[in-house]
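My entries follow in the order in which I worked.

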Amino acid sequence: MARNRRGRQAREALVEEVDGGLAELMPDRERGAAWTLLVDGAPQSHVDLDDPTYLDFEYQRRLGHIADLVAPPGRPVHAVHLGGGALTLARYVAATRPRSTQQVVERDTALVQLVRRALPLDPAARVRVRNTDARQGLAKVPDGWADLVIADVFSGARTPAHLTTTEFLTDVRRALKPTGWYAANLADGPPLAYLRGQLATAADVFPELALVADPAVLRGRRFGNAVLLGAGQPLPVAELTRRSASDPHPARVEHGRALTDFAGGATAVTDASAVASPAPPSSVFR
């Protein structure tokens with residue numbers, strides 16, 4: 001790294017081939033120890049090594065709110081992260097809930113090696129990384145172990161088909177404690193058929209659901225991310241709504257009858273009928 005006029009090191013982008021394509025770690029010019037991870041041009045994660053509680057991406061902030069509400073503040077939890085990226089949410093949970101025990105399942109071994117080398121984890125963080133497929137890694141989680149399972153798995157910019165089904169979600173619920181929550185990052189655009197199908201699928205497995213997204217995404221006006229939350233017991237919808245509405249990236253929370261109406265009679269997805277999530281339009285990443 002070269003030094004700039006103020007004597008500070010000027011960071012350069014890191015570019016490497018990984019199992020899933022071309023990975024780029026781009027320095028954040030506004031935050032001195034922050035980086036954005038892209039794979040084949042699709043933004044995957046943002047990490048601030050000096051402040052792992054800082055979440056930049058909209059959907060990661062929404063997942064952060066969920067991680068904050070899954071248990072009383074500061075209490076350690078058991079968390080499973082399906083999809084590793086730059087380990088952003090694992091770092092967040094480790095910082096906000098010290099002594100938490102976490103498992104990250106990421107099949108891209110070369111990506112994990114790059115992230116560990118360039119963006120090292122806090123040595124005190126109790127984070128174990130499994131290099132395997134998300135469903136295979138999930139199957140190794142003991143029954144009733146997790147307080148929180150977060151699914152954020154993309155192959156390029158699409159969620160693989162086998163992670164969109166009732167069979168997959170049934171195994172998620174097996175791994176959760178009775179009080180545990182499932183949160184998934186979903187991406188869709190008009191006419192929102194994929195998102196509606198995912199709601200119907202989750203409703204087959206979880207009696208309590210909520211959906212957090214930008215109102216423009218929910219109205220089908222643009223392609224974007226939505227966070228689906230499922231649980232076996234009532235969710236703190238009022239507090240989640242307050243946090244989502246007051247966030248720098250405001251979002252709406254749908255729940256109950258409004259969410260049922262939004263699903264619009266969509267049918268659940270099974271392993272036999274599953275397809276990958278839709279590819280985003282090229283304009284999304286411009």
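**Entry 1, helix α3.** I began with what lies over the buried residues of α3, and the covering elements include β3, β4 (21-27), β5, α2 and β9 (126-130), where contact means heavy atoms within 4.5 Å. The helices here (H or I, at least four residues) and strands (E, at least two) are DSSP runs, numbered from the N terminus. I noted that this is a predicted model, in which local features need pLDDT of at least 70 and side-chain atom pairs count only at pLDDT 80 or more, while totals for chains, interfaces and linings use all residues. I also noted that residues are numbered from 1 along each chain as its sequence is written, and that side-chain values use heavy atoms, with hydrogens and water left out.

Which residues of helix α3 (residues 109-118) are buried? I found L111, V112, L114 and V115, taking buried as under 20% relative accessible area, exposed as over 50% and partly exposed as in between (1.4 Å probe, protein chains only). These residues cover an arc of only 160 degrees around the axis, so they lie on the same side of α3; the arc is that of the directions from the helix axis to the C-beta atoms.

**Entry 2, the sheet.** I then followed an open sheet of four strands, whose order is β3-β4-β5-β6 with antiparallel pairing; two strands pair if DSSP finds at least two bridges between them. The edge strands, each pairing on one side only, are β3 (14-18) and β6 (42-48). On average, neighbouring strands of this sheet are turned by 20 degrees against each other, direction ignored.

Between β3 and β4 I recorded five bridges in an antiparallel arrangement, and the two strands form a hairpin with two residues between them. E17 stands opposite L22 in β4. Strand β5 (residues 34-39) is joined to β6 by six bridges, again antiparallel, and L37 stands opposite S45 in β6.

I looked next at helix α1 (residues 58-69) and helix α2 (residues 88-96), whose axes come within 11 Å and cross at roughly 35 degrees. Axes are lines fitted to C-alpha atoms, for helices over the stretch in contact, and angles run from 0 to 180 degrees between N-to-C directions. The crossing of α1 and α2 is right-handed; a crossing is left-handed if the near helix is turned anticlockwise from the far one by less than a right angle, and right-handed if clockwise. On the α1 side I listed Q60, L63, G64, A67 and D68, which meet T88, L89, Y92 and V93 in α2.

For α1 and helix α8 (residues 237-246), the axes come within 10 Å and cross at roughly 145 degrees, and this crossing is right-handed. H65, I66, D68 and L69 of α1 make the contact with E239, L240 and R243 of α8.

Where does L87 sit? I placed L87 in the loop between β7 (78-82) and α2; its phi is near 65 degrees, a positive value in a residue other than glycine. At 6% relative accessibility, L87 counts as buried.

In the loop between β11 (176-188) and α6 (193-203) I found P191, which a cis peptide bond joins to P190, with omega about 10 degrees. L192 lies in the loop between β11 and α6, with phi near 65 degrees, a positive value in a residue other than glycine, and L192 is buried at a relative accessible area of 1%.

I then checked G220, in the loop between α7 (215-218) and β13, which is partly exposed at 22% relative accessibility. The C-alpha atoms of G220 and P190 are separated by 4.6 Å, although the two residues are 30 residues apart along the chain. Not counting residues up to four places away in sequence, G220 touches P190 and L192.

The buried ones are Y194, L195, G197, Q198, L199, A200, T201 and A202, and what covers them includes α5 (166-175), β11, β12 (208-213), β13 (224-231) and α9 (257-263).
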